Amino acid sequence: MKKDDIQKFEEYCSSLYEAFNSPLNISWEMNEKSLIGFFSIGSDYYKISCLRYDFNIWTYKFFFLDKNKDEFSQTSKGDTNNKMKVLSTIRAGMEYLINLENPNGLIFMASDDSEARKKIYFSFAEELEKKFKYKFLSNRKSNYQIYILYKNIDLDLVLNEIDKRSEEHTSELQSRVDI
């Protein structure tokens, strides 16, 4: 391998590492049941949606503004450096929620084909587990992988909240189909 190739590779890795450890500023809006964050990179806009449920259990969802549809969706896009900054910002947003609300449960998921994203989210959950003394569980079915962090609460309560949200989501989708 040529010395120039090694140097290019090292510079590339260095820029990715820097991007991954450089979260963007998030503009937060809060009420008693939600914490919503917005951030952007250039002309790309993102939204973090954190919802509080019973027993101080929170969900954490991430969205990208699809300009063609003028709505937020869970589809990702962008170049590698921007993706690394976005991931860094997602992780920083999780830590912000935990520091602000000290949730008994935090639930998030990856629901696309990206194996890399699932592995990165898994590592985020492991970091949060250690840093904030949570218990951590994860399960995967098809393209869906769920990550559950919990403490100071019985796991059955967390799982019951997930079941409630799943039923609500299914009912909402069914009502859209019935119209």
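Biologist: Which residue is the bridge partner of Ser49 in E4?
Modeller: Lys61 in E4 is the bridge partner of Ser49. This is a predicted model, with local features needing pLDDT of at least 70 and side-chain atom pairs counting only at pLDDT 80 or more, while totals for chains, interfaces and linings use all residues. Residues are numbered from 1 along each chain as its sequence is written, and side-chain values use heavy atoms, leaving out hydrogens and water.

Biologist: How many bridges join E3 to E4?
Modeller: There are 8 bridges between E3 and strand E4 (residues 57-66), and the two run antiparallel. Two strands pair if DSSP finds at least two bridges between them. Strands (E, at least two residues) and helices (H or I, at least four) are DSSP runs, numbered from the N terminus.

Biologist: And what about E2 and E3, how many bridges there?
Modeller: Strand E2 (residues 34-41) is joined to strand E3 (residues 44-53) by 8 bridges, again as an antiparallel pair.

Biologist: What does the turn between E3 and E4 look like?
Modeller: E3 and E4 form a hairpin with 3 residues between them, where Phe55 has a positive phi of about 65 degrees. Asn56 sits in the loop between E3 and E4 as well, and its phi is near 60 degrees, a positive value in a residue other than glycine.

Biologist: Why point that out?
Modeller: Because most residues other than glycine have a negative phi.

Biologist: Is Asn56 buried or exposed?
Modeller: Asn56 is buried, because its relative accessible area is 19% and buried means under 20% (exposed is over 50%, partly exposed is in between, with a 1.4 Å probe and protein chains only).

Biologist: Where else is there a positive phi in a residue that is not a glycine?
Modeller: Ser142 has one, at about 60 degrees. Ser142 lies in the loop between strand E7 (135-141) and strand E8 (144-150). With a relative accessible area of 59%, Ser142 is exposed.

Biologist: Switching to charges. How many salt bridges does the structure hold?
Modeller: The structure holds 6 salt bridges, each being a side-chain nitrogen of Lys or Arg within 4 Å of a carboxyl oxygen of Asp or Glu. One of them joins the side chains of Arg52 and Glu101 at 3.0 Å, N to O. That pair links distant parts of the chain, with Arg52 in strand E3 and Glu101 in helix H2, 49 residues apart. Glu101 counts as buried, at 17% relative accessibility.

Biologist: Which residues are linked in a network of salt bridges?
Modeller: Asp54, Glu161 and Lys164 are linked that way. The side chains of Asp54 and Lys164 meet at 3.4 Å, N to O. This pair also links distant parts of the chain: Asp54 is in the loop between E3 and E4, and Lys164 is in helix H4 (residues 155-178), 110 residues apart. Lys164 also meets Glu161 in a salt bridge of 2.9 Å, N to O.

Biologist: How are Lys164 and Glu161 placed in helix H4?
Modeller: They are 3 residues apart in helix H4, so about one helical turn separates Lys164 and Glu161.

Biologist: Last one: how many helices and strands does the protein chain have?
Modeller: The protein chain has 4 helices and 8 strands. Along the sequence, the pattern is α-β-β-β-β-β-α-β-α-β-β-α. Of the 179 residues, 38% count as buried.
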